[in-house]
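Subject: Structure for you to look at

Hi,

Here is the structure I promised to pass on. Please open it first, then read my notes below.

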Amino acid sequence: MSHLPLEESGLPATALDMHRAIGALVAALQALDLNSQRFEACTDPELRRVLAHAGDTSRREAAMLFEWMRRRDARLDKELKEALFKAGPIVAQFHYDEKVE
């Protein structure tokens, strides 16, 4: 199956921008994962500091992208406001069955 370039897809600019933000968020999270693995495996203290800085940069980038997305997607905004910064079990607020198999 062939795909048109995203700009030729006929999607509105807002959808294209959201797509770009999601792609950038995925990349930031992948970079964070890789940097975290490198940090954990590293034995040199100075390199660990450099890798920690790289991880912090990825965290900030992910946070900024999430915030950009939240401001432009009312349903995401609602879900994030309901899910984040709450005490207690994470799934309790969503009324999931407590049985885990």
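From the N terminus on, the elements of the protein chain run α-α-α. That makes three helices and zero strands. Bear in mind that this is a predicted model.

First, the chain as a whole. Buried residues make up 16% of its 101 residues. The accessible surface comes to about 8300 Å², and carbon and sulfur atoms account for 60% of that. Take the contacts with a separation of 6 or more: 43% of them join residues 24 or more positions apart.

Next, the core. Which residues make up the largest nonpolar core? There are seven: Met18, Ala21, Leu25, Ala28, Ala62, Leu65 and Met69. α1 gives the most, with four residues. Leu25 is worth a click. Leaving aside residues up to four places away in sequence, Leu25 touches Ala62, Leu65, Phe66 and Met69.

Now look at Ser58, in helix α2. Is it buried or exposed? Ser58 has 6% relative accessibility, so it counts as buried, since the cut-off for buried is under 20%.

Last, helix α3, residues 74-83. Asp73 caps its N-terminal end. A side-chain oxygen of Asp73 lies 3.0 Å from the backbone nitrogen of Arg75. After α3 comes Phe85, whose phi is positive, near 60°.

Best wishes

Key: Residues are numbered from 1 along each chain as its sequence is written. This is a predicted model: local features need pLDDT of at least 70, side-chain atom pairs count only at pLDDT 80 or more; totals for chains, interfaces and linings use all residues. Side-chain values use heavy atoms; hydrogens and water are left out. A polar contact is a pair of N or O atoms within 3.5 Å; within protein, one must be able to donate a hydrogen and the other to accept it, and residues adjacent in sequence count only if both atoms are side-chain atoms. Helices (H or I, at least four residues) and strands (E, at least two) are DSSP runs, numbered from the N terminus. A nonpolar core is a set of buried Ala, Val, Leu, Ile, Met, Phe, Trp, Tyr and Cys residues joined through side-chain atoms within 4.5 Å. Buried means under 20% relative accessible area, exposed over 50%, partly exposed in between (1.4 Å probe, protein chains only). Contact means heavy atoms within 4.5 Å. Accessible areas come from the Shrake-Rupley method with a 1.4 Å probe; for residues, only the protein chains shown count as cover.
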